[in-house]
Amino acid sequence: MAAPSIRTVASVFGLLLLVFALSSTVIYLVSSAPAAASPSSILLNLRPFAARCPPAPPLRIFMYDLPARFHVAMMSTNSAAPAPANGSDAEGQPFPAWPPSAGGIRRQHSVEYWMMASLQLHGGGGGAREAVRVRDPEAAEAFFVPFFSSLSFNVHGRNMTDPDTEDDRLLQVELMDILWKSKYWQRSAGRDHVIPMHHPNAFRFLRDMVNASVLIVSDFGRYAKELASLKKDVVAPYVHVVDSFINDDPSDPFEARPTLLFFRGRTVRKDEGKIRKKLAKILKDKDGVRFEDSLATGDGIKTSTEGMRSSKFCLHPAGDTPSSCRLFDAIVSHCVPVIISSRIELPFEDEIDYSEFSLFFSVEEALRPGYLLNQIRQMPKEKWVEMWSKLKNVSSHYEFQYPPRKGDAVNMIWRQVKHKIPAVNLAIHRNRRLKIPDWW
């Protein structure tokens, strides 16, 4: 018999080495696995990658120590509500609670207050916090400017022709002087600065001077494209004015809401909001529809609360701008929103799919007689219950509170800011070396 070739011997030897290596690997995995581990988990770690990684650390925020006249001094001073625990403002005074008397339009746009309040929290919070305040600006990833620009607009002459609006303008001028003198503003041209201007008319005098900053807005209805965009800015929800529906657990939620479609609000609006008057003519007095003209007063809010909680669908046409507080009142009332706008932008949309619990109609569709009502009447009960259930699951993301809780509105906003930081840093670094900015 012929002797085996050198190639055959090498092949056999290699096979033996492979078998030895595999057996050694199996023995090692078995010996190092926990005693209670199942055979399938010995060889494969089936946990998602994200579950094996520690949570991302909170965003480090340096907050400018602005005088109280830029923020809390504009709040009502007759509130007896207690200050948040462990909170203090830039001047060391107890940080005041939001006054219950400051409702309506002031409360709707109070995002600036809740963001500032979240940075008063000293320690604690654990993994629930998306942002923490640092006292050393060199350690900061972003800079928060605590100017209550929305409240300033509402306090200092809301009708825009009132002489008191000069106070609002002077605050903006003084603020820009402070920022221009800051080496941290100069270092980034304000790109890593976070400035709330939630009211559509907030910061209206000097907006073009902060167009590089991360702006916290309600929508882009009154912003030029050169000033604000989804690329760098954050769309934040309105602060809801109706009470949250806590005990919404009927045995049959569909039948527990006898009204088909509900709307209560002002029907005479500007710009895209002109659709409200047209919708009133189409929908008012239709079977199953409550369409009422009202103001957001104390009694009006109580009526809206009752109406939303007893309705299957809540109509959300545009206001003076594409968005309004009504959408977020509907969400915390678990009333399926019917959104009518071709230009609306929604908060947290990279994490939340609004189509799972809302209906969307273009302006043209909504004004087609009978079309909107026919569409919602044809929705099967099972589909509505599914959307109602999802509304209940997401409503916690639209709650503003102190101290903030994991996944609530303030933490969601800070997380959105965190998402913007890589692009902010890219712009800062490129700007330092380019001779022709954005040459491409």
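This is a chat about the predicted structure shown above.

Me: What should I know before I start looking?
Reply: This is a predicted model, so local features need pLDDT of at least 70, side-chain atom pairs count only at pLDDT 80 or more, and totals for chains, interfaces and linings use all residues. Residues are numbered from 1 along each chain as its sequence is written, and side-chain values use heavy atoms, with hydrogens and water left out.

Me: How many helices and strands does the chain have?
Reply: The chain has 15 helices and 11 strands. Helices (H or I, at least four residues) and strands (E, at least two) are DSSP runs, numbered from the N terminus.

Me: And what share of the chain is buried?
Reply: Of its 440 residues, 49% count as buried. Buried means under 20% relative accessible area, exposed is over 50%, and partly exposed is in between (1.4 Å probe, protein chains only).

Me: OK, helix H14. How many residues does H14 have?
Reply: H14 covers residues 381–394, which is 14 residues. From first C-alpha to last, H14 reaches 20 Å, close to the 20 Å expected at 1.5 Å a residue. That expected span is 1.5 Å times one less than the number of residues.

Me: Which residues of H14 are buried?
Reply: Trp384, Met387, Trp388, Leu391 and Val394. Looking down the axis of H14, they fall within an arc of 130°, so they line one face of the helix. The arc is that of the directions from the helix axis to the C-beta atoms.

Me: What's on the face turned away from that?
Reply: The exposed residues Glu382 and Asn393 are carried there.

Me: And what covers the buried residues of H14?
Reply: The cover includes strand E9 (311–317), helix H11 (326–332), strand E10 (336–340) and strand E11 (359–361).

Me: Is E9 itself enclosed or open?
Reply: 7 of the 7 residues of E9 are buried, so E9 is largely enclosed by the rest of the structure.

Me: Which strands are joined to E9?
Reply: Strand E7 (residues 259–265) is joined to E9 by 3 bridges, and the two run parallel. Phe262 stands opposite Cys314 in E9. E9 is also joined to E10 by 5 bridges, again parallel, and Leu315 stands opposite Val338 in E10.

Me: Where does H11 come in?
Reply: E9, H11 and E10 make a right-handed β-α-β unit. Right-handed means that, with the strands pointing away from the viewer, the path from the first strand over the helix to the second runs clockwise.

Me: New topic: what's the strand order in the open sheet of 6 strands?
Reply: The order is E2-E1-E3-E4-E5-E6, with parallel pairing. Two strands pair if DSSP finds at least two bridges between them.

Me: Which strands stand at the edges?
Reply: Strand E2 (131–133) and strand E6 (234–235), each with a single partner strand, so one side of each is left without a neighbour in the sheet.

Me: How many bridges join E4 to E5?
Reply: 3 bridges join E4 (residues 193–196) to E5 (residues 214–217). Val194 has Val214 as its bridge partner in E5.

Me: Which peptide bond is cis?
Reply: The one from Tyr402 to Pro403, with omega near -5°. Pro403 is in the loop between H14 and helix H15 (409–433).

How values were computed
Contact = heavy atoms within 4.5 Å.
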